[in-house]
Amino acid sequence: MPLPTRAALDVVPAYRQGRSAPAGASKLSSNESPHSPLPSVVDAVRERLDAINRYPDMSAAVLRDDLAARYEVDPALVTVGAGSVEIAAQLIHAVAGEGDEVMFAWRSFEAYPSLVRIAGATPIAVPLNAEHAHDLDAMLAAITPRTRLIFVCNPNNPTGTVVGVDALERFVAAVPHDVLVVIDEAYVHFDRTASYGAGIRLFRRHPHVAVLHTFSKAYGLAGLRIGYAIAPAEIAESQRKVAVPFGVTDLAQTAARASLAAEDELAGRIDEVVAQRDRMLAILTEAGWPAVASQANFVWVPAGERTAQLEAQLHDGGVIARAFPGEGIRISSGSAEDIDRVEAALSAVDAGSDLTDRKEATV
Ligand code: PMP
């Protein structure tokens, strides 16, 4: 007889990683940085390698001090985790359990519903609007006395849309103060609109806001697993209770500090990723696909029933993207060569396909 497991887990799908790419293909399925790590970051990590017989500083005190100084907040409000996904889990566990509700837009970051269920709470998914953006009014209307936390993923994964600053401010002000609003800014560095940095500004003005950032995307440290939150004191305190002890390695903390010190150099790389993202959007649009303008490091193509076709075309051209069957495809930005490949893959097919037909099928 199989051992009994928690009933809540029966409906939790295992997290699906972006497809791995065959050798030589462009892996644009996981929103990673296309750049290899900065030499200064590699050097800093290398210097710490002979200390890996020791446990890391569990409180990540030095890194948290760096972050606190940078945002001019009390270090006690900064929490660090093994990727921002771990921090998202901490935040949920800090405020929600059996009988509580955690809200997010849908489609959004795939881990939200699972993390909520794992905590024993109930996920409330509020559909995105027709522009593939958060429907903040619908989210406000969906708040109940059981709502404990609301994620606003800004820019949103996988659609790349952002919520305007004013709309976000109105939303936060309208959410009851006993509900934590978590502004997940995993992709904020790629945002070229006025909502860049809105999370921290809202954190300063409202007592029920937390901001989530990661070193995985713009800083290119996805493989080392480190992210952080800036949260109200009582939330940060509870996060420390639910965190897995020693979850963040010394190498990750070291790399994060070195990356903060190298931000000027990283800024040029981020600009390149943004330029290639915009170029990819133009290429997709030109090819007749209904690509959505993005402020993240990826582009969403709500291709509907043509999703499999687009995925196959890209695949044949050596591009691995993230397909959501029947809904659309998310293609991460990459190097100029990666986006050249996207262009070639689409034009190879355009030559033999009926564009008019395609446009009709995707409105
Ligand atoms: N938030 C969002 C919106 C994401 O898309 C991701 C990564 N896909 C994460 C958080 C987690 O990233 P990480 O754990 O690597 O920091």
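**Figure 1. H6 passes H7 in a right-handed crossing.** The model shown here and in the other views is predicted. Helix H6 covers residues 165–174 and helix H7 covers residues 198–205. The two helices pack at an angle of about 35°. Their axes lie 11 Å apart.

**Figure 2. Residues at the contact of H6 with H7.** H6 brings Val-165, Leu-168, Glu-169 and Val-172. These meet Ala-198, Arg-201, Leu-202 and Arg-205 in H7. By class, the contact holds five nonpolar and three charged residues. No polar residue takes part.

**Figure 3. Domain 1 and domain 2 of the chain.** Domain 1 is built from two segments, 17–35 and 264–362. Domain 2 runs through 39–261. Taken over C-alpha atoms, the centres of the two domains are 26 Å apart. Domain 1 gives 23 residues to the contact, and domain 2 gives 23 residues.

**Figure 4. The interface of domain 1 and domain 2.** About 1,900 Å² is buried between the domains. Of this area, 59% is on carbon and sulfur atoms. Leu-266, Ile-270 and Gln-295 supply 29% of the area that domain 1 buries against domain 2. Three salt bridges are found across the interface.

**Figure 5. A salt bridge between Arg-192 and Asp-271.** The side chains of the two residues meet here. The N to O distance is 2.8 Å.

**Figure 6. Two cis peptide bonds, at Trp-106 to Arg-107 and at Asn-154 to Pro-155.** Most peptide bonds are trans. The bond joining Trp-106 and Arg-107 is cis, with omega about 10°. Arg-107 sits in the loop between strand E3 (101–106) and helix H4 (111–118). The bond from Asn-154 to Pro-155 is also cis, and its omega is near 0°. Pro-155 is in the loop between strand E5 (147–153) and H6. H6 is the helix that packs with H7 in the opening views.

**Figure 7. Positive phi at Asn-31.** Most residues other than glycine have a negative phi. The phi of Asn-31 is near 55°. Asn-31 lies in the loop between strand E1 (26–27) and helix H1 (39–47).

Terms used: Residues are numbered from 1 along each chain as its sequence is written. This is a predicted model: local features need pLDDT of at least 70, side-chain atom pairs count only at pLDDT 80 or more; totals for chains, interfaces and linings use all residues. Side-chain values use heavy atoms; hydrogens and water are left out. Axes are lines fitted to C-alpha atoms, for helices over the stretch in contact, and angles run from 0 to 180 degrees between N-to-C directions. Helices (H or I, at least four residues) and strands (E, at least two) are DSSP runs, numbered from the N terminus. A crossing is left-handed if the near helix is turned anticlockwise from the far one by less than a right angle, and right-handed if clockwise. Contact means heavy atoms within 4.5 Å. Ala, Val, Leu, Ile, Met, Phe, Trp, Tyr, Cys and Pro count as nonpolar, Asp, Glu, Lys and Arg as charged, and the others, Gly among them, as polar. Domain bounds come from an automatic or database domain assignment. Buried area is the accessible area (1.4 Å probe) that two parts lose on being put together, summed over both. A salt bridge is a side-chain nitrogen of Lys or Arg within 4 Å of a carboxyl oxygen of Asp or Glu.
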